[in-house]
Amino acid sequence: MSQPARITDQRHRTVPSPAGRIHLVEQGVGPLVLLVHGFPESWYSWRRQLPVLAAAGFRAVAIDVRGYGRSSRPESVDAYRMLDLIEDNVAVVHALGEETAVIVGHDWGSAIAADSALVRPDVFRAVGLLSVPYAPPGGPRPSEVFAGMGGDEEFYVSYFQEPGRAEAEIEPDVRGWLAGVYAALSADTMPAPDAPDPHFVRLGGTMRERFPAGRLPAWLSEDELDFYAAEFERTGMSGALNRYRNMDRDWTDLTDFHGAPITRPALFIGGGLDASTTWMSGAIEAYPRTLPALDSSHILDGTGHWIQQERSEEVNGILTGWLGSLPR
């Protein structure tokens with residue numbers, strides 16, 4: 001089992017933002033690289049990238065997205081719409097005394113990073129996307145798409161969209177639920193291909209009942225799981241889950257950007273066993289149109305969803321190489 005990554009010379013601070021405050025962890029000096037996590041994670045998901053990026057000559061900054069960790073957690077569901085998260089990112093860049101940054105995101109953080117570069121290309125000069133490919137805003141209303149995906153079962157996004165429902169499943173045993181979802185989407189512990197898909201919920205069931213039990217993925221130690229669990233036990237899950245509850249609002253808010261490409265330099269890294277990559281293969285095939293300044297695209301074979309933790313050395317090598325190729 002892996003040991004917790006040793007982290008030295010890191011600075012924790014909070015900076016003002018439209019949310020109230022954003023907590024961040026920074027390491028190194030040089031061009032700013034803003035790291036944005038996904039669900040259900042935190043700044044800690046970048047613990048293996050911060051020292052490496054710092055050693056490569058960058059100012060690496062990992063944030064707690066609003067609703068997570070030590071960042072503000074507004075009560076209103078609609079306070080978690082994409083445009084608000086973009087403005088949080090802009091506020092962080094400016095609070096750090098910078099005008100521009102490279103932004104890199106994983107999972108929901110990939111979508112947040114992509115839309116940040118789409119909406120504010122004046123601030124975000126390049127964008128790195130991990131696990132979730134870029135697909136331009138637009139198309140059918142998201143809630144209608146997700147409602148039609150499950151057949152006799154319910155897609156997890158629809159399950160998350162009803163306030164209080166997923167909280168009732170997760171919060172009585174946060175640590176156990178997190179262990180299960182991390183295992184379910186990791187290459188070495190995910191269910192067999194012929195097992196029930198943990199991305200779907202049977203009618204009247206829970207997500208948890210399809211999670212593997214009894215073994216953590218190799219990238220996650222008991223101590224690391226304790227860190228994640230303690231964060232969500234303290235904050236609750238609603239702030240994190242509210243991101244899913246704004247997808248129709250985002251669809252409306254971003255009307256002016258429907259179908260728009262991201263014109264900034266871009267990087268994509270996906271896992272070969274990650275449903276986010278395989279289900280959205282069409283989005284990857286469309287990159288010549290949607291990411292015309294894409295510098296490099298990588299699919300890591302035998303890798304699941306938690307890519308920068310599962311394959312930290314490979315991801316770090318790709319990231320530092322790409323960042324080093326960008327104009328400073």
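Modeller: Two strands pair if DSSP finds at least two bridges between them. Keep in mind that this is a predicted model.

Biologist: How do you know that strand E2 (residues 20–27) and E4 pair?
Modeller: The cut-off is at least two bridges, and E2 and E4 have 4 bridges in the antiparallel sense. E2 and E4 therefore count as paired. Within this pairing, Val-25 stands opposite Ala-62 in E4.

Biologist: And what makes strand E3 (residues 32–36) a partner of E4?
Modeller: E3 and E4 share 5 bridges, in the parallel sense. With at least two bridges required, E3 and E4 pair as well. Val-33 has Ala-60 as its bridge partner in E4. Val-33 also has a bridge partner in E5, namely Val-102; E3 and strand E5 (residues 101–106) pair in the parallel sense over 4 bridges.

Biologist: Why is the pairing of the sheet called mixed?
Modeller: Strands of a sheet pair through backbone hydrogen bonds, either parallel or antiparallel. E2 and E4 are antiparallel, while E3 and E4 are parallel. The open sheet has 8 strands in the order E1-E2-E4-E3-E5-E6-E9-E10, and its pairing is mixed.

Biologist: What makes strand E1 (11–17) and strand E10 (294–300) edge strands?
Modeller: Each of E1 and E10 pairs on one side only. On average, neighbouring strands of this sheet are turned by 20 degrees against each other, direction ignored.

Biologist: Why is strand E4 (residues 59–63) described as largely enclosed by the rest of the structure?
Modeller: Buried means under 20% relative accessible area. In E4, 5 of the 5 residues are buried, so the strand is largely enclosed. Arg-59, Val-61 and Ile-63 point one way and Ala-60 and Ala-62 the other, and all are buried.

Biologist: Which residues of H7 and H8 meet?
Modeller: From H7 come Val-174, Arg-175, Leu-178, Ala-179 and Tyr-182; their counterparts in H8 include Leu-225, Tyr-228 and Phe-232. The residues of this contact divide into 8 nonpolar, no polar and 4 charged.

Biologist: How do you know whether Glu-231 is buried or exposed?
Modeller: Its relative accessibility is 12%, and the cut-off for buried is under 20%. Glu-231 therefore counts as buried. This residue of helix H8 is in contact with Asp-64, Gly-69 and Arg-70, leaving aside its neighbours within four places in sequence.

Biologist: What makes Asp-107 and Ser-131 stand out in their backbone?
Modeller: Most residues other than glycine have a negative phi, and most peptide bonds are trans. Asp-107, in the loop between E5 and H3, has a positive phi near 60 degrees. Ser-131 has a positive phi of about 80 degrees and lies in the loop between E6 and helix H4 (142–147). At 11% relative accessibility, Asp-107 counts as buried, and so does Ser-131 at 0%.

Biologist: Where is there a cis peptide bond?
Modeller: It joins Phe-39 and Pro-40, with omega about -10 degrees. Pro-40 is in the loop between E3 and helix H1 (50–55).

Note on methods
Residues are numbered from 1 along each chain as its sequence is written. This is a predicted model: local features need pLDDT of at least 70, side-chain atom pairs count only at pLDDT 80 or more; totals for chains, interfaces and linings use all residues. Side-chain values use heavy atoms; hydrogens and water are left out. Contact means heavy atoms within 4.5 Å. Helices (H or I, at least four residues) and strands (E, at least two) are DSSP runs, numbered from the N terminus. Ala, Val, Leu, Ile, Met, Phe, Trp, Tyr, Cys and Pro count as nonpolar, Asp, Glu, Lys and Arg as charged, and the others, Gly among them, as polar. Buried means under 20% relative accessible area, exposed over 50%, partly exposed in between (1.4 Å probe, protein chains only). Axes are lines fitted to C-alpha atoms, for helices over the stretch in contact, and angles run from 0 to 180 degrees between N-to-C directions.
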